[in-house]
Amino acid sequence: MTNSSDRSQAVGVKTYEVRTYGCQMNVHDSERLSGLLEDAGYVRAPEDAGEGNADVVVFNTCAVRENADNRLYGNLGRLAPMKTARPGMQIAVGGCLAQKDRDTIVKKAPWVDVVFGTHNIGKLPVLLERARVQDEAQVEIAESLEAFPSTLPTRRESAYAAWVSISVGCNNTCTFCIVPALRGKEKDRRTGDILAEIEALVGEGVSEITLLGQNVNAYGSDIGDREAFSKLLRACGRIEGLERVRFTSPHPRDFTDDVIAAMAETPNVMPQLHMPLQSGSDTVLKAMRRSYRQERYLGIIEKVRASIPHAAITTDIIVGFPGETEEDFEQTMHVVREARFTQAFTFQYSKRPGTPAATMEDQIPKEVVQKRYERLVALQEEISWEENKKQVGRTLELMVAEGEGRKDGATHRLSGRAPDNRLVHFTKPDQQVRPGDVVTVEITYAAPHHLLAEGTVLDVRRTRSGDAWEKRNAAPAEKPGVMLGLPKIGVPEPLPTVTTGGCGAVQ
């Protein structure tokens, strides 16, 4: 049997690979980059093709980490000899690091063909073609958004769940974050466009959407409506066939009572909240330019729990911010004990070049940061386990997931997400269950980061999302690809209703 890689080489079809680093916004941008390339006639390289075997390799980069550039140039260095041995191969670098470093990339790695920024990802196919025709690197960085990315073709990774961008950019000035400088000021989409995209996705079989923005609950600031986000949540509740609505990442400053009410009163808005804390110390929060304090943050958590008792609340925390004292760190530990997060994504502070915090005095020694980090992780692990144990004995509906359980094959289990987004591994039933289908199970065991349902599945509900997954994974019909050297030229026509994460997003 001839595999897809053999077929591609036999007919001369151009293949591509997109490598993604960073937040949910980057993940969703990569879906658009894949959609653009496929719309231009490229074919995704098989996962088992091996490094350097795609005709086009695209790096969608992140600039949040201090060593982000080292990681990029290390990967580019490994590809250099492969490109030399593979005539016609092209390498493109986009994303936040490309927006920041611009011409530096082709100076350090002259074998790179295309450098593009966060504001003009729609130009990738035409830049690749221009680099091929002119036989020289193309560097094009736009200073402002050329078109809202949601108008671009998208190759979504899931048949049953989808990201939906509601805004891009951020108006905050957190001293540890470089995102606003690279993504620009906040720009909101029209509500009608967002809802039209969601309705189109539901029509394709999607049953879960995640509203995405750098500061998602600030939605409306660009259009002059402070309650626009809560209104959007309620409007999502009126879309027939949409079973689950999530959003990420909100900012405590903009988390108002109308949003809590909309979450509690809209049945398909899930009882889950990711609320970045960053620090529990008022002194450190001020130095971070975070516009809330410990009392305000804990007040939000209290209100959410009062309105949505079973809500799972997760957070982001930075340990070792410049000037953080032992007393400051203890304030963070206090908030963790009070808030009882289901999970916390904890980070040791590292300098982000180009941010005010990188040049602050009183940088904390690495060994001090490490010890504090270990204490925080140990506390959160204990709390996570205790909170998960409260789920034992509960009956939950799970949306069956794809690729979530690394040991599912060996344990004869499947995995799914509860309404509050907890990961549950459950016994594989006798009947066929597809990703996107919904099963009802009883929780029998809790670990810090997952739950088990070891008994018999109580119910299986086949869904339109499962049908969509099955259709996507059916044997594809043979169709002609684009011959080497003859990709479609120009930016694809915008799609009217076709479309990850911000300073609070998981990195």
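In this predicted model, helix α13 meets helix α14 through E326, F329, E330, M333, V336 and R337 on the α13 side and R372, R375, L376, L379, Q380 and I383 on the α14 side. By class, the contact of α13 with α14 has six nonpolar, one polar and five charged residues. Helix α13 covers residues 326-339 and helix α14 covers residues 366-389. Their axes are 10 Å apart and form an angle of about 10°. Angles under 35 degrees count as roughly parallel, and α13 and α14 are therefore roughly parallel to each other.

A second pair of packed helices is α8, residues 191-203, and α9, residues 228-236. Here the angle is about 30° and the axes are 11 Å apart, which makes α8 roughly parallel to α9. The crossing of α8 and α9 is right-handed. T191, I194, L195 and I198 of α8 make the contact with L232, A235 and C236 of α9. The residues of this contact of α8 with α9 comprise six nonpolar, one polar and no charged.

The two pairs are set out below.

| Helix pair | Angle between axes | Distance between axes |
|---|---|---|
| α13 (326-339) and α14 (366-389) | about 10° | 10 Å |
| α8 (191-203) and α9 (228-236) | about 30° | 11 Å |

In α10, residues 257-265, the residues D258, V259, I260, A262 and M263 are buried. The cover over the buried residues of α10 includes α9, β11 (244-248), β12 (272-274) and α12 (294-307).

The loop between β11 and α10 holds S249. A cis peptide bond with omega of about -10° joins T248 and S249. Most residues other than glycine have a negative phi, and most peptide bonds are trans. Two residues have positive phi values. R102, which is not a glycine, has a positive phi of about 50°. R102 is in the loop between α4 (96-101) and α5 (103-108), and is partly exposed, with a relative accessible area of 29%. For R289, also a residue other than glycine, phi is positive and near 60°. R289 lies in the loop between α11 (282-288) and α12 and is partly exposed, at a relative accessible area of 47%.

D362 sits in the loop between β14 (343-348) and α14. With 56% relative accessibility, D362 counts as exposed. Leaving aside neighbours within four places in sequence, D362 is in contact with P322 and G323. D362 and E324 are 38 residues apart in sequence, and their C-alpha atoms are 8.2 Å apart in space.

A468, in contrast, counts as buried at 14% relative accessibility. A468 belongs to helix α16, residues 464-472. Apart from neighbours within four places in sequence, A468 is in contact with A159, E204 and G205. The C-alpha atoms of A468 and P435 are separated by 9.3 Å, while the two residues are 33 residues apart along the chain.

The last topic is cysteine. C170 is buried, with a relative accessible area of 5%, and C174 counts as buried at 4% relative accessibility. Across the whole structure, a search finds zero disulfides.

How values were computed:
Residues numbered from 1 in each chain as written. Predicted model: local features only at pLDDT ≥ 70, side-chain atom pairs only at ≥ 80, totals over all residues. Heavy atoms only, no water. Axes fitted to C-alpha atoms, helices over the stretch in contact; angles between N-to-C directions. Helix = DSSP H or I, 4+ residues; strand = E, 2+ residues; numbered from the N terminus. Parallel < 35°, antiparallel > 145°, perpendicular 65-115°, else oblique. Left-handed = near helix turned anticlockwise from the far one by under 90°. Contact = heavy atoms within 4.5 Å. Nonpolar A, V, L, I, M, F, W, Y, C, P; charged D, E, K, R; others polar. Disulfide = S-S within 2.5 Å. Buried < 20%, exposed > 50% of the residue type's maximum accessible area, 1.4 Å probe, protein only.
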